[in-house]
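Dear colleague,

I am passing on the structure we spoke about, together with a short account of what was found in it. Please look it over before reading the notes that follow.

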Amino acid sequence: MTDFIPVNEPLLNGNEKKYLLECIETGWISSEGPFIAEFERRFAARMGRKYGVAVCNGTAAIDATIEALGIGPGDEVIMPAFTIISCIAQIVRNGAKPVLVDSDPFTWNMDIAQIEAKVNSRTKAIMIVHIFGLPVDADPVLEIAERHGLFVIEDAAEMHGQTYKGRPCGSIGDVSTFSFYPNKNITTGEGGMILTDDDELAETLRSLRNLCFKPENRFVHDRLGWNLRMTNMQAAIGLAQLERLDEFVDRKRKMGSLYDYLLKNSPGFQRPLLRTEYSENIYWVYGILVDEALKLSGKEVRMKLAKAGVGTRPFFYPMHQQPVLRKLGLFEGESYPVAERLYQQGLYLPSGLGLSEHQIERSAKSVVRLFEDKSVSF
Ligand SMILES: Cc1ncc(COP(=O)(O)O)c(C=O)c1O
């Protein structure tokens, strides 16, 4: 097998090394270092928000958000069935009830038409999660939230640099969260950010991130927080990455267009939408959905592509089917057919910023070959 094409590879050839060296030379390696405040300030400004709270990963960003909003027993949060476990974990841990909606079969985002019917007197928040490259159609969700007095939590983990009707993703919810895992459009190795315009909420989030230490009496606590702090070294990398966000977005769009061009005449699978009325695809990842008529699952296609040296990832496993949640008695008898199909038939192709045009071409050619002759074993 010749050179395996990894599914993700970050690009770290800007000021990352220089800023990291600065951390080492000055001795500022903890969360107290100056890159943290700078990264928070610049990231928030880029996304059009007042406050940024840097944390250790995107999951922690959501955990802290749920806690800061006081979501707990008796509360319900409406959210997509098709997403990562990070979105639901703290809702469940806090004793609140996640209420799921199915996905749109084309954008793969939550079907916003299903939200209103799920709102009741216990609903406290709606969580929107922008999936794979296209944002959720957020205005109707904001309107529902406004009418019913609900928080909107915006998980923009996959959406750095994307816009919704010209507004930056991450500027839409009362609170928004980001991940900086290496497969994201901006990476810090591990890392996350919470954005808000609300002074009090920002203060609560900072406190929860830092064990709820009190400035006046450090080791006396009124509330249980976590240590979710990001290090100065991570923020140094993040700042260097942020400097190149426009370039990265451009690169992602070019990679997506190249896949589209190479795959457009190939039958047997659904490609991502190029655009919607409110956004151009940013192709955080390039996903495909295999036609059931081929009697081939996403997993089988992934195995064949692996043999051809092409790295892939499965789509999310829906929340209502998660064993850990079913064991807790959640989602009994519930079904979300689009989310189930996305998991069964979906996969995404190598999409990392560090991949070359040649690697994308090789990856696309393997897909074309496979679907031309699905018996191909490579
Ligand atoms: C939509 C979404 N939310 C949250 C996360 C969690 O981020 P992290 O891996 O940094 O904890 C991810 C990560 O991959 C994600 O895709």
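The confidence score used here, pLDDT, is the predictor's own confidence in each residue and runs from 0 to 100. The model is a predicted one, and its chain averages a pLDDT of 97, with 98% of the residues scoring at least 70. Confidence is lowest in helix H12 (residues 357-372), where the mean is 96, and highest in strand S2 (residues 76-80), where it is 99.

The ligand is surrounded by 13 residues, of which the closest are Thr-59, Asp-155, Glu-158, Ser-179 and Lys-184. Sorted by class, this shell holds 4 nonpolar, 6 polar and 3 charged residues, and helix H3 (residues 58-68) gives the most to it, with 3 residues.

In the side chain of Thr-59, an N or O atom is 2.5 Å from an oxygen atom of the ligand, while for Gly-58 it is a backbone N or O atom that lies 2.8 Å from a ligand oxygen. The side chain of Glu-158 likewise has an N or O atom 2.6 Å from an oxygen atom of the ligand. Taken alone, the ligand exposes 390 Å², and the protein buries 89% of that area.

With best wishes

Key. Residues are numbered from 1 along each chain as its sequence is written. This is a predicted model: local features need pLDDT of at least 70, side-chain atom pairs count only at pLDDT 80 or more; totals for chains, interfaces and linings use all residues. Side-chain values use heavy atoms; hydrogens and water are left out. A residue is near a molecule or strand if one of its heavy atoms lies within 4 Å of it. A polar contact is a pair of N or O atoms within 3.5 Å; within protein, one must be able to donate a hydrogen and the other to accept it, and residues adjacent in sequence count only if both atoms are side-chain atoms. Accessible areas come from the Shrake-Rupley method with a 1.4 Å probe; for residues, only the protein chains shown count as cover. Helices (H or I, at least four residues) and strands (E, at least two) are DSSP runs, numbered from the N terminus. Ala, Val, Leu, Ile, Met, Phe, Trp, Tyr, Cys and Pro count as nonpolar, Asp, Glu, Lys and Arg as charged, and the others, Gly among them, as polar.
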